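Here are my notes on this structure, written for a first reading. Please keep the model open beside them.

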Amino acid sequence: MEYSLGIDIGGTNIAAGVVDESFNIVSKSKVKTNPERGYEEVLRDIALAGELAAREAGLPLDRIKWVGMGCPGTCNIESGLVEYANNLKWENVPLRQFVGDALGIPAYIENDANAAALGEYYAGAAKGAKSAIVITLGTGLGAGIIIDGKIFSGSNYAGAEIGHTVINVDGEPCTCGRRGCFEAYCSATALVKFTKRAIEKNPDSLMIPIVEKEGKISGRTAFNAAKTGDKSGQDVVDYFIKNLACGIINTINVFQPNILCIGGGVSNEGDNLLMPLKERISKEVYSKNSDNNTEITLCKLGNNSGIIGAALLGRQQGS
């Protein structure tokens with residue numbers, strides 16, 4: 001049995017896993033990212049997460065064929081540098097070399113959303129599709145595009161940044177420096193922001209006791225309130241889905257993939273998110289009269305897609 005190591009680097013957590021040749025995760029580890037520390041300390045913890053996962057699997061590192069890492073931002077697979085990751089505040093960070101040297105095995109890097117899309121393509125909801133797009137609603141809004149089994153990332157590895165296409169000119173500020181980005185309206189971070197605003201404007205909202213019980217505002221708050229009939233919660237949900245549909249319709253109109261999968265924490269809402277979203281998309285997508293429209297579905301691998309996809313990078317990049 002051959003094993004590879006996949007590491008999913010997020011804005012909040014670094015998750016690592018040992019993956020076998022049948023795409024099963026045999027062990028996992030997780031450490032906090034804390035990107036404000038500076039990239040050197042984060043890189044050390046990325047390597048540590050990999051070591052911990054291998055140890056948990058009972059495997060020495062020389063039994064691991066390679067390590068693949070999915071990271072936010074522009075990941076140059078030739079130089080091994082993370083050229084720009086706005087949410088981590090990284091520029092030209094030597095991710096591949098540092099972690100590869102630390103672990104003593106071949107290393108590969110890729111944008112985290114691309115890696116997650118690869119995981120879903122080989123082992124999840126997009127398995128068997130010719131072309132697929134995976135949109136991840138997390139700290140940011142990531143997207144991965146797979147065409148004929150290959151990751152599409154453009155001529156400079158900065159492609160597929162669907163989250164930084166604008167859906168509202170001069171709208172909400174985005175961490176990338178633009179205004180009105182898809183990410184600024186439809187990431188989990190944005191959902192929390194709009195929920196907070198709604199609570200401040202509606203002191204009688206049922207979202208308030210939900211927040212008091214849970215101890216914080218989360219991406220679940222508005223959805224949970226909407227389920228009880230709370231109007232302010234429903235308004236937040238409707239606004240979120242309206243903007244999400246806009247961004248997805250734009251994406252479908254350009255690429256027309258066989259399937260578009262939605263992942264990330266917000267996707268845990270299931271049909272409460274998917275059904276009204278699909279209804280909007282079906283009415284507005286340019287290809288609405290086609291007999292072969294894009295299937296809209298939820299990711300199947302959950303948080304494991306990034307780990308599995310990262311572990312496949314050695315195969316994808318020609319190890």
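**Notes on the model**

1. Start with Lys65. Lys65 is partly exposed, at 39% relative accessible area. Buried means under 20% relative accessible area, exposed means over 50%, and partly exposed lies in between (1.4 Å probe, protein chains only). Lys65 sits in strand β4. Strands (E, at least two residues) and helices (H or I, at least four) are DSSP runs, numbered from the N terminus.

2. A word on the source. This is a predicted model, in which local features need pLDDT of at least 70 and side-chain atom pairs count only at pLDDT 80 or more, while totals for chains, interfaces and linings use all residues. Residues are numbered from 1 along each chain as its sequence is written, and side-chain values use heavy atoms, with hydrogens and water left out.

3. What does Lys65 touch, leaving out residues up to four places away in sequence? The answer is Glu2, Tyr3, Ser4 and Pro106. Contact here means heavy atoms within 4.5 Å. Take Ser4: Lys65 and Ser4 are 61 residues apart in sequence, but their C-alpha atoms are 5.2 Å apart in space. With Glu2, the side chains make a polar contact at 3.4 Å. A polar contact is a pair of N or O atoms within 3.5 Å; within protein, one must be able to donate a hydrogen and the other to accept it, and residues adjacent in sequence count only if both atoms are side-chain atoms.

4. Now the whole protein. There are 11 helices and 13 strands. The C-alpha atoms fill a box of roughly 60 × 50 × 35 Å, taken along the principal axes. Of the 319 residues, 54% count as buried. Among contacts between residues at least 6 apart in sequence, 62% join residues at least 24 apart.

5. Look next at helix α1, residues 39-57. Its 19 residues reach 27 Å from first C-alpha to last, close to the 27 Å expected at 1.5 Å a residue. The expected span is 1.5 Å times one less than the number of residues. Buried residues in α1 include Val42, Leu43, Asp45 and Ile46. What covers the buried residues of α1? Among the covering elements are β1 (3-9), β4 (64-71), β7 and α2 (95-103). After α1 comes Gly58, with a positive phi near 75 degrees.

6. Helix α3 (residues 112-123) has 12 residues and spans 16 Å, close to the 16 Å expected. The helix is mostly covered, with 9 of its 12 residues buried. Asn114, Glu120 and Tyr121 are among them. At the start of α3, a side-chain oxygen of Asn111 comes within 2.9 Å of the backbone nitrogen of Ala113.

7. Three strands form an open sheet in the order β5-β6-β7, with antiparallel pairing. The edge strands are β5 (74-75) and β7 (90-93), and each pairs on one side only. Two strands pair if DSSP finds at least two bridges between them. Strand β6 (residues 82-85) and β7 pair over 3 bridges. The bridge partner of Tyr84 in β7 is Glu91.

8. Last, the charges. How many salt bridges are there? The count is 10. A salt bridge is a side-chain nitrogen of Lys or Arg within 4 Å of a carboxyl oxygen of Asp or Glu. Asp45 pairs with Arg37, with the closest N and O atoms 2.9 Å apart. Asp45 is buried at 19%, and Arg37 is partly exposed at 28%. Arg37, Glu41 and Asp45 are linked in a network of salt bridges.

9. Another salt bridge joins Glu172 and Arg197, at 2.7 Å between the closest N and O atoms. Glu172 lies in the loop between β11 (150-151) and α4 (183-186) and Arg197 in helix α5 (residues 188-201), so the pair ties together parts that are 25 residues apart in sequence. Glu172 is buried at 14%; Arg197 is partly exposed at 34%.
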